[in-house]
2 protein chains.
Amino acid sequence: MLFTRHPSNPLITPAQVQPSRSDFEIIGTFNAGVTRYHDELLMLVRVAERPVNDDPYRVLCPHLDDGGKLVIARIRRDDPAYITSDPRIVRNNTTGDVLLTSISHMRLAHSADGIHWTVEPRPWMQAEPPYESFGVEDARITAIEGTYYVNYTAVSQHGIATALVRTADFVHLERCGIIFPPSNRDVTFFPQKIGGEYAAYHRPMPGDLGKYNIWFATSPDMTHWGGHRVVLEASGDGWEAGRVGGGAPPVWTERGWLSIYHAADATNRYCLGAFLTPHDQPGRVIGRSKTPILEPSAAYETEGFFNNVVFTCGALVVDTTLYLYYGAADERVALATAPLDAILDML
Amino acid sequence: MLFTRHPSNPLITPAQVQPSRSDFEIIGTFNAGVTRYHDELLMLVRVAERPVNDDPYRVLCPHLDDGGKLVIARIRRDDPAYITSDPRIVRNNTTGDVLLTSISHMRLAHSADGIHWTVEPRPWMQAEPPYESFGVEDARITAIEGTYYVNYTAVSQHGIATALVRTADFVHLERCGIIFPPSNRDVTFFPQKIGGEYAAYHRPMPGDLGKYNIWFATSPDMTHWGGHRVVLEASGDGWEAGRVGGGAPPVWTERGWLSIYHAADATNRYCLGAFLTPHDQPGRVIGRSKTPILEPSAAYETEGFFNNVVFTCGALVVDTTLYLYYGAADERVALATAPLDAILDML
């Protein structure tokens with residue numbers, strides 16, 4: 001394989017992290033954005049929690065009310081009004097309304113070497129109503145001209161959307177609201193303006209016609225987005241028959257912008273692929289992996305909260321090596337490395 | 001009823017209009033945007049056409065290939081690979097891919113009095129690949145500072161999106177591409193900047209969580225949109241149990257911005273409602289119709305290509321009267337009028 005899994009994998013697991021409340025337990029620490037900050041590395045880890053549940057006859061669904069107070073719906077597993085067979089979601093048969101069985105927040109983690117990470121004991125950013133009532137998920141961090149832009153998935157009864165928060169110091173946060181309305185997630189920003197505009201990939205999830213493909217967009221200010229066009233379609237090959245979506249924010253290389261993306265097959269097995277675009281034409285793909293560059297095979301990838309998932313939200317270039325951080329089985333943070341040249345040669 | 005149907009209804013029907021090709025027939029002339037232009041009124045009518053079909057065993061699906069050439073898929077009605085029972089859509093059982101049984105373009109119509117309309121013999125704007133391969137639908141026209149902005153639904157295998165074209169004279173068109181990515185339609189622009197920004201309502205169609213509600217957004221330039229937030233949710237009452245969506249572009253009144261929107265119930269019966277927002281807070285609803293302000297009851301509304309539909313894309317204020325143009329049964333253009341004060345008193 002192109003990538004070498006780090007022997008310390010998984011780097012972060014739920015057991016290492018404190019829940020945000022004493023009545024919660026952590027079911028996942030995964031899908032982490034990563035960046036350099038001064039002389040250390042920072043990660044924003046998705047921490048998924050659920051209420052400790054001693055009642056085998058009920059499923060508990062934590063969410064925020066309109067005032068931001070945590071409420072827990074306690075739904076009987078045998079209630080014919082609800083479908084409770086999916087471990088992640090409870091659906092009302094009549095209204096179609098959905099609740100989640102967990103709620104996620106963002107947790108900051110620090111590292112000097114990229115291998116050993118210290119996860120802060122308290123949340124860095126928690127969900128707020130109305131657009132995050134079911135949680136905030138899958139942060140990506142992009143440093144642009146001294147500001148750190150953190151985009152994330154805002155989940156609520158209003159849909160799955162992408163929101164933005166920015167910070168200069170990871171202490172003071174400025175919330176910028178919804179930047180891609182539902183259904184849209186897996187947004188990745190370019191770390192510099194291109195042709196005078198900010199640029200991003202995004203992944204609409206059409207409710208009717210259309211597939212889950214990667215689109216390109218531009219912005220004058222990081223909050224208003226336009227110029228939408230399709231960049232990368234799911235190839236239809238086995239490993240990306242279902243969907244594709246952005247992974248790590250694009251990495252500048254001498255040969256162009258390198259993007260690591262995810263793809264899922266018909267059974268929801270998530271692999272990673274890569275594509276390359278010219279420096280000045282980030283909407284035009286000039287190279288693309290024909291087979292996965294990373295696929296679930298280690299035990300911590302094949303078994304967990306959701307089996308057979310590798311999913312990235314961030315990568316770093318260290319000298320000539322790509323450090324690819326990824327969520328494993330929707331439960332842990334792991335690391336794989338590969339020579340940058342070897343990846344580019346393949347595309 | 002609040003509204004009076006015009007005795008000349010329907011104002012425009014397929015029989016009055018020439019197909020764009022000799023091998024096509026028109027199945028609908030409906031959902032028309034309207035504006036004042038110099039000393040006349042203009043309408044952009046959605047003209048839905050399909051290939052003339054003498055073969056009862058096949059359904060024909062017109063669409064554009066990547067080069068813009070019209071191709072017609074001829075699908076056997078008994079082919080088990082396809083679902084052909086919906087008169088509007090053919091779906092591939094295996095891939096989920098969809099084709100439409102008609103393709104729409106925009107046709108310009110002229111009127112001196114708002115009642116008698118002359119429809120031009122040729123298309124005003126036709127679909128272009130890749131985002132309009134299945135057609136262009138439901139134009140709204142908004143005059144802002146001397147430019148006419150025409151937003152419309154761009155339908156293709158990439159999804160149902162909203163695109164923009166602008167013109168100063170209805171002769172020279174500038175295409176501005178996709179402004180709201182899939183799935184999103186029923187966009188209505190405000191006819192002036194508010195707080196220094198352009199403003200619009202839009203209607204995302206979430207593919208997963210979330211309902212079909214009306215959102216608000218702002219833009220610095222009419223092509224990049226942000227500041228997304230929910231404005232109007234389907235009430236859940238019978239007539240708007242299914243969805244709500246923008247109708248006519250907002251109309252300035254002394255009491256605030258008046259918006260006529262559409263709502264559909266669980267059986268896809270489409271009615272019209274109204275809501276009011278403050279001049280300086282177009283994202284905040286201060287009045288809303290509890291019952292439909294117009295619902296399908298005339299024969300030309302209850303029977304047609306799609307039964308039981310009234311759907312507006314444009315309205316004009318003439319002295320103290322609202323002229324509401326609407327698509328009837330997805331087949332014809334009709335007109336209903338009401339005293340503006342009576343509508344506002346109800347909200």
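Colleague: What kind of contact do the side chains of Arg185(A) and Asp138(A) meet in, and what makes you call it that?

Modeller: A salt bridge, with 3.4 Å from N to O. The term asks for a side-chain nitrogen of Lys or Arg within 4 Å of a carboxyl oxygen of Asp or Glu, so the 3.4 Å of Arg185(A) and Asp138(A) passes. Bear in mind that this is a predicted model, where local features need pLDDT of at least 70, side-chain atom pairs count only at pLDDT 80 or more, and totals for chains, interfaces and linings use all residues. Residues are numbered from 1 along each chain as its sequence is written, chains are lettered from A and ligands numbered from 1 in the order in which they are written, and side-chain values use heavy atoms, leaving out hydrogens and water.

Colleague: Why does that pair tie together separate parts of chain A?

Modeller: Arg185(A) sits in strand β15 (residues 184-189) and Asp138(A) in strand β11 (residues 135-144), so the parts they join are 47 residues apart in sequence. Strands here are DSSP runs of E, at least two residues long, numbered from the N terminus.

Colleague: How many salt bridges cross between chain B and chain A?

Modeller: Two. Asp97(B) pairs with Lys211(A), and their closest N and O atoms are 2.8 Å apart.

Colleague: How many residues of each chain are in contact there?

Modeller: 42 residues of chain B touch 42 of chain A, where contact means heavy atoms within 4.5 Å. On the chain B side, β18 (226-232) is among the strands that supply at least two residues. β18(B) gives the most, five residues.

Colleague: Why do you say the copies meet through the same surface?

Modeller: Because 100% of the interface residues of chain B are also interface residues in chain A.

Colleague: And what relates the two copies?

Modeller: Chain B can be laid on chain A by a turn of 180° and a shift of 0.0 Å along the axis, with an RMSD of 0.0 Å. The copies are thus related as by a two-fold rotation axis. In chain B, Gly207(B) has the C-alpha nearest the axis, 1.7 Å from it.

Colleague: What makes Phe190(B) and Trp257(B) an aromatic pair, and of which type?

Modeller: Rings of Phe, Tyr and Trp (its six-membered ring) pair if their centres lie within 6.5 Å; planes under 30 degrees apart are stacked, over 60 edge-to-face, the rest tilted. Phe190(B) and Trp257(B) come out at 5.1 Å and 90°, so they are edge-to-face.

Notes
Helix = DSSP H or I, 4+ residues; strand = E, 2+ residues; numbered from the N terminus. Least-squares fit on C-alpha atoms with pLDDT ≥ 70 in both.
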